[in-house]
Amino acid sequence: MSRLGAAADGGTAGRSDSRTAHTLSRSQHSSTNMAQAKIQAKMNDPPRSKFSRTMSMADRSGRLLESLDQLEMRVDALRETASAMEQERECILEMIQSLQNSQEMRNICAGEKEELSLTADRLMGRTISVEISVGTNRNSQQEDALNKATLIIDEMVKKLLEDMVRGRERLLALHAACVTEAPPVPIDQKFQAIVISCALEDQKKIKRRLETLIRNVENAERNIKIMDNQKLDDPKATNGSP
């Protein structure tokens with residue numbers, strides 16, 4: 001091969017190497033740009049720090065707390081409804097007993113009285129069969145106070161059956177210890193201290209029981225007066241007939 005041919009070949013090879021080097025340089029520059037772009041995009045992503053995860057947990061905790069608050073309101077409404085039903089049951093039983101012991105029941109003939117008594121007994125049985133219970137959470141002190149209050153009321157009821165006049169005075173004194181307004185009767189200070197130590201729901205139940213007893217005593221006294229007046233107005237009693 002002549003020197004000219006060799007030079008030509010050498011020149012061609014040189015240009016080819018130069019183009020290859022240039023292509024590699026452009027490729028490396030492109031790769032560098034892509035890497036930098038990825039790094040920049042990574043830097044622009046929202047930070048995934050510990051603080052961000054804590055906020056996410058706080059959001060979940062807030063939603064759970066809100067759900068529990070709503071459930072608590074429903075629980076309170078449930079207890080209030082059950083308590084109202086319990087009071088309605090007591091009221092119905094009291095009304096049935098009042099009708100059974102009423103003067104109107106005594107003034108009807110035997111046949112009608114028997115039928116009405118059977119109906120009243122049937123209603124009494126159906127009402128008693130309805131069981132409603134609203135439990136109360138108590139600590140040991142509240143449990144002890146409730147037992148003492150119940151014992152005092154039970155003893156008062158026994159005295160009431162033995163002596164209605166003195167028993168009624170004792171009943172009014174116990175009831176006065178459970179009301180906030182100033183009553184026109186003496187207050188049993190010892191019983192008041194015991195009731196205050198009871199749970200709030202137990203305080204309400206104690207007051208309701210005493211109020212029911214007061215109404216029963218008033219009805220009994222009214223019936224006694226009616227029966228006594230009838231005896232005085234009886235012509236046979238006036239004429240001394242047996």
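In the chain, 69% of the contacts with a separation of 6 or more are between residues 24 or more positions apart. The structure described here is a predicted model. Its chain contains 9 helices and 0 strands, which gives the pattern α-α-α-α-α-α-α-α-α when read along the sequence. Of the 242 residues in the chain, 18% are buried. The accessible surface comes to about 18,600 Å², and carbon and sulfur atoms contribute 56% of this area.

Side chains of opposite charge can pair when their charged atoms come close. A search of the whole structure identified 9 salt bridges. In one of these, the side chains of arginine 79 and glutamate 201 meet with an N to O distance of 2.9 Å. This pair connects distant parts of the chain, as arginine 79 belongs to helix 2 and glutamate 201 to helix 8 (residues 200-233), 122 residues apart. Arginine 79 is partly exposed because its relative accessibility is 29%, and glutamate 201 is likewise partly exposed, with a value of 31%.

A salt bridge is also formed by arginine 215 and glutamate 94, whose closest N and O atoms are 2.7 Å apart. Here too, distant parts of the chain are linked: arginine 215 lies in helix 8 and glutamate 94 in helix 2, 121 residues apart. Arginine 215 is partly exposed at 37% relative accessible area. Glutamate 94, by contrast, counts as buried, because its relative accessibility is 14% and the limit for buried residues is under 20%.

The side chains of arginine 138 and aspartate 202 form a further salt bridge (2.5 Å, N to O). Arginine 138 is located in the loop between helix 4 (110-128) and helix 5 (140-162), whereas aspartate 202 is in helix 8, 64 residues apart. Arginine 138 is partly exposed, with 31% relative accessibility, while aspartate 202 is buried, with a relative accessible area of 3%. Salt bridges with shared partners join Arg138, Glu143 and Asp202 into one network.

On the surface, Glu66, Asp69, Glu72, Asp76 and Glu80 gather in a patch of negative charge. Among them, aspartate 69 is situated in helix 2 (residues 50-100) and is partly exposed, with a relative accessible area of 38%.

Valine 165 is part of helix 6 (residues 164-176). This residue is classed as exposed because its relative accessible area is 58%. The C-alpha atoms of valine 165 and valine 217 are separated by 9.8 Å, although the two residues are 52 residues apart along the chain.

Technical notes: Residues are numbered from 1 along each chain as its sequence is written. This is a predicted model: local features need pLDDT of at least 70, side-chain atom pairs count only at pLDDT 80 or more; totals for chains, interfaces and linings use all residues. Side-chain values use heavy atoms; hydrogens and water are left out. Patches are made of residues with over 30% relative accessible area and no salt bridge: like charges are joined within 9 Å, nonpolar side chains (Val, Leu, Ile, Met, Phe, Trp, Tyr) within 5 Å. Accessible areas come from the Shrake-Rupley method with a 1.4 Å probe; for residues, only the protein chains shown count as cover. A salt bridge is a side-chain nitrogen of Lys or Arg within 4 Å of a carboxyl oxygen of Asp or Glu. Lys and Arg count as positive and Asp and Glu as negative; His and the chain ends are not counted. The place of a charge is taken as NZ of Lys, CZ of Arg, CG of Asp or CD of Glu. Helices (H or I, at least four residues) and strands (E, at least two) are DSSP runs, numbered from the N terminus. Buried means under 20% relative accessible area, exposed over 50%, partly exposed in between (1.4 Å probe, protein chains only). Contact means heavy atoms within 4.5 Å.
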